[in-house]
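What can be read from the model?

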Amino acid sequence: MSKKGLFITFEGSEACGKSTQITLLADKLRSLGFDPLLFREPGGTAAGEAIRHLLQHAPEGEALTPEAELLLFAASRAQLVREKILPALETGHIVICDRFLDSTTVYQGVARRIPADDTARINAFAVGDCLPDVTILLDLDHQTSLSRMRAANRKPDRIERESTDFFEAVRRGYLNLAKENPKRVLLIDASCSVEEIAVEVLTKVISEINK
Ligand code: TMP
């Protein structure tokens, strides 16, 4: 299957501002005449949203092992890729996904300490050759992330209740990933203003569109 569209993913730790930036980017792209399609992970399909509920909020998810957790994220992704992302890319759409396989590499691989080759193998099985063309990584330190979450004043989900060590490992994992994939991953300081970040994101996306 040939891919004609552009596949953009957003990554980062909790409260890093992904949703805001995705909305701003999508609005800007629409104003330029594009028709971007937006998805989120886990989720984005009926099956994926049920898996999301199990992973984040359902009491049945509380005792999930790291291995089961990884496979559930991968199952949600495998469904999203085939049901939504590939068809959209094949018809030339820009696809913007809030999290994708890098989240598994970092949260389950680095923070939950599942061996990197297992994580990579399961990621590859889930997505096939459907890989992001560009990834926007919003980097935020854990303290700022925590204070933003507290300010949002909502009940934390199962993963948001993890320890400082866990989120420091997540951040380290993301920073390594950016270092290892400098062409694909644009690392942005998420403590900058919303407007500054939006300009950086748009500049990168426009340069990808013009490639
Ligand atoms: P969010 O979409 O609101 O950021 O919530 C998704 C949560 O799931 C977030 O805590 C990160 C976590 N996650 C993983 O641990 N592994 C994954 O592969 C994905 C997609 C998300």
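Questions on the fold and on the ligand site follow.

The model is predicted: local features need pLDDT of at least 70, side-chain atom pairs count only at pLDDT 80 or more, and totals for chains, interfaces and linings use all residues. Residues are numbered from 1 along each chain as its sequence is written, and side-chain values use heavy atoms, without hydrogens and water.

Reader: In what order do the elements of the chain run from the N terminus on?
Author: The chain has 8 helices and 5 strands (DSSP runs, helices being H or I of at least four residues and strands E of at least two, numbered from the N terminus). From the N terminus, the order is β-α-β-α-α-β-α-α-β-α-α-β-α.

Reader: Which helix gives the largest share of the shell around the ligand?
Author: The ligand is surrounded by 14 residues (near means a heavy atom within 4 Å). Helices H2 (46–56), H3 (66–90) and H4 (101–111) each supply at least two residues of this shell. The largest share, 4 residues, is from H4.

Reader: How far is an oxygen atom of the ligand from an N or O atom in the side chain of Thr-104?
Author: Polar contacts are judged here as pairs of N or O atoms within 3.5 Å. For Glu-14, a polar side-chain atom lies 2.8 Å from a ligand oxygen atom. For Gln-56, the distance from a side-chain N or O atom to an oxygen atom of the ligand is 3.0 Å. For Thr-104, the corresponding distance is 2.5 Å.

Reader: How many charged residues does the shell around the ligand have?
Author: Asp, Glu, Lys and Arg count as charged, Ala, Val, Leu, Ile, Met, Phe, Trp, Tyr, Cys and Pro as nonpolar, and the others, Gly among them, as polar. The shell has 4 nonpolar and 4 polar residues, and the charged ones number 6.

Technical notes: Polar contact = N/O pair within 3.5 Å; in protein donor to acceptor, adjacent residues only side chain to side chain.
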